[in-house]
Amino acid sequence: MKIEIYTKTTCPYSTMAKQVLDLYGYEYTETILDDDDQRTQFYESCGENVNTVPQIYLNGERLGGFEHLLRSNLIS
């Protein structure tokens, strides 16, 4: 399984999402989007109504943010 997480250094939900993934022993690739322009371009590439980090992808498909991670079968 390939997990990618897009984060912002100062975002508490990004930190918590990484902690949950670590707790469950998942390996992931992190992309830090601290630059506002880079983050805006990322949001636009995700589709409508995406304007927050973290954004988590499983095998190339967007799972969503922190709340989506908590409701996913990754941690149930």
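**View 1. Helix α2 has an exposed face turned away from its buried side.** The exposed residues here are Asp 37, Gln 41, Glu 44 and Ser 45. Exposed means over 50% relative accessible area, buried means under 20%, and partly exposed lies in between (1.4 Å probe, protein chains only). Helix α2 spans residues 36–46. Helices (H or I, at least four residues) and strands (E, at least two) are DSSP runs, numbered from the N terminus. The model is predicted: local features need pLDDT of at least 70, side-chain atom pairs count only at pLDDT 80 or more, and totals for chains, interfaces and linings use all residues. Residues are numbered from 1 along each chain as its sequence is written, and side-chain values use heavy atoms, with hydrogens and water left out.

**View 2. Four residues of α2 are buried: Arg 39, Phe 42, Tyr 43 and Cys 46.** They sit on the same side of α2, because they cover an arc of only 100 degrees around the axis. The arc is that of the directions from the helix axis to the C-beta atoms. What covers these buried residues includes β1 (3–7), β3 (55–58) and β4 (61–64).

**View 3. Asp 35 caps the N-terminal end of α2.** A side-chain oxygen of Asp 35 lies 3.2 Å from the backbone nitrogen of Asp 37. Such a polar contact is a pair of N or O atoms within 3.5 Å; within protein, one must be able to donate a hydrogen and the other to accept it, and residues adjacent in sequence count only if both atoms are side-chain atoms. After α2 comes Gly 47. Its phi is positive, near 115 degrees.

View 4. A salt bridge is a side-chain nitrogen of Lys or Arg within 4 Å of a carboxyl oxygen of Asp or Glu. Asp 36 is partly exposed, at 49%.

**View 5. Lys 18 forms a salt bridge with Glu 30.** The closest N and O atoms are 2.9 Å apart. This pair links distant parts of the chain: Lys 18 belongs to helix α1 (residues 12–23) and Glu 30 to strand β2 (residues 29–32), twelve residues apart. Glu 30 is partly exposed, at 33% relative accessibility. How many salt bridges are there by this rule? The count is two.

View 6. Contact means heavy atoms within 4.5 Å. Tyr 24 and Leu 74 are 50 residues apart along the chain, yet their C-alpha atoms are separated by 8.3 Å. The side chain of Tyr 24 reaches the backbone oxygen of Ile 75 at 3.5 Å. Tyr 24 is partly exposed, at 44% relative accessibility.

**View 7. Ser 72 lies in the segment after α3 (66–71).** Ser 72 is buried, with a relative accessible area of 7%. A polar atom of its side chain lies 3.2 Å from the backbone nitrogen of Leu 74.

**View 8. The structure holds zero disulfides.** Cys 11 is in no disulfide, and the nearest cysteine sulfur, that of Cys 46, is 14 Å away. A disulfide needs a pair of cysteine sulfur atoms within 2.5 Å. Cys 11 is buried, at 12% relative accessibility. Cys 46 counts as buried too, at 16%.
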